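Here is a briefing on a ligand site and the sheet beside it. Please view the sequence and model first.

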Amino acid sequence: MKENNKKGNAKAAPEAKTEVSAEKKEDQPKNNSREKIAGTKSEALIVVSDLCKNFGDHKVLRGINTEIDKGEVVAIIGPSGCGKSTFLRSLNLLEVPDRGTIRFEGTDITDKSVDINKMREKMGMVFQQFNLFPNLTIKKNIMLAPTKLGKMTKEEASAKADELLKRIGLSDKANAYPDSLSGGQKQRVAIIRALAMNPDVMLFDEPTSALDPEMVGEVLSLMKNLADSGMTMVIVTHEMGFAREVADRVLFINDGVIAEENTPEEFFANPVNPRLKDFLSKVL
Ligand SMILES: Nc1ncnc2c1ncn2[C@@H]1O[C@H](COP(=O)(O)OP(=O)(O)O)[C@@H](O)[C@H]1O
Ligand SMILES: [Mg+2]
């Protein structure tokens, strides 16, 4: 999908190699839309079918269907209140759908017999408000989930936290408390805290919306780095430039459905849906 462009981008703007050391995304097997159209069995990580969610009488999601492949970066855009957060939160069942299924790595997580907490361990989530524990040091924030959930020993979690902090250049903040960090630093810590669990997908809900403008760049740069490392990412964002550059696919949610989806190039250059055209004319 975006492979050629990604390579082009990488050449045009050599990326910082300091943050994420995993193998390059370009080297990873990937599905393309042609295979999908031809009906080739794709390596979907998440399959959403007929997802519906109401709040009282308000039908927020009215039948969302999509597949997210391993290694794919999907950006979700749309006007405020259109259901972007509801959709994202449904992916790990923070919102329980009224209808439809969500298969994650082959398991229907809406099935009552599924241990959703086990599933959530593989789905990192980053919110607009960083949600760091103010009474714990940065390092303890990062170590908390892996140790509490028995994923790692204290020593392993400590080594992992050190490695992740080094990756984002914040080793010197290990023993500091969240309050002493800038917004951008807090959000980067929130991201690596989620990474400490070695998730298979990262879900981002407007991760830069609460930041002062000068701090947006450092967070987007970490996310781009993560995308380049091959992480599967679903990102609700208002950062159109970022979506265009980093996403493989952009989705527009309107009236409770995916009203349009395309490669970023096509999506921004040739929008079809009138509501999308209108939306883009206001935000671009
Ligand atoms: N817990 C809730 N209870 C009632 N209404 C909700 C709840 N969460 C979201 N909504 C409503 O659902 C709609 C979609 O919300 P949301 O998914 O947060 O939109 P977006 O993230 O696109 O701005 C909005 O009208 C919002 O007010
Ligand atoms: Mg939202």
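The points below cover conventions, the ligand shell and the sheet.

This is a predicted model: local features need pLDDT of at least 70, side-chain atom pairs count only at pLDDT 80 or more, and totals for chains, interfaces and linings use all residues. Residues are numbered from 1 along each chain as written, chains are lettered from A and ligands numbered from 1 in written order, and side-chain values use heavy atoms, without hydrogens or water.

**Ligand 1**
- The shell comprises F55, H58, V60, P79, S80, G81, C82, G83, K84, S85 and T86; a residue is near a molecule if one of its heavy atoms lies within 4 Å of it.
- Four shell residues are nonpolar, six polar and one charged; Cys and Pro count as nonpolar and Gly as polar.
- Oxygen atoms of ligand 1 meet polar backbone atoms of C82 at 3.2 Å, of G83 at 3.0 Å and of K84 at 2.8 Å. A polar contact is a pair of N or O atoms within 3.5 Å.
- Alone, ligand 1 exposes 560 Å², and the protein buries 59% of that (Shrake-Rupley, 1.4 Å probe).
- Strand 2 (58-69) and helix 3 (84-91) each give two or more residues to the shell. Helix 3 gives the largest share, three residues. Helices are DSSP runs (H or I) of at least four residues, strands (E) of at least two.

- Four strands form an open antiparallel sheet in the order 2-1-4-5. Pairing requires at least two DSSP bridges.
- Strand 2 and strand 5 (107-108) are edge strands with a single partner each, so one side of each lacks a neighbour in the sheet.
- Strand 4 (99-104) pairs with strand 5 over two bridges. F104 stands opposite T107.
- Helix 3 packs on the sheet, touching strand 1 (44-55), strand 2 and strand 4 (contact: heavy atoms within 4.5 Å). Its direction makes about 125° with that of strand 1 (lines fitted to C-alpha atoms, for helices over the stretch in contact; angles from 0 to 180 degrees between N-to-C directions).

Key
Polar contact = N/O pair within 3.5 Å; in protein donor to acceptor, adjacent residues only side chain to side chain.
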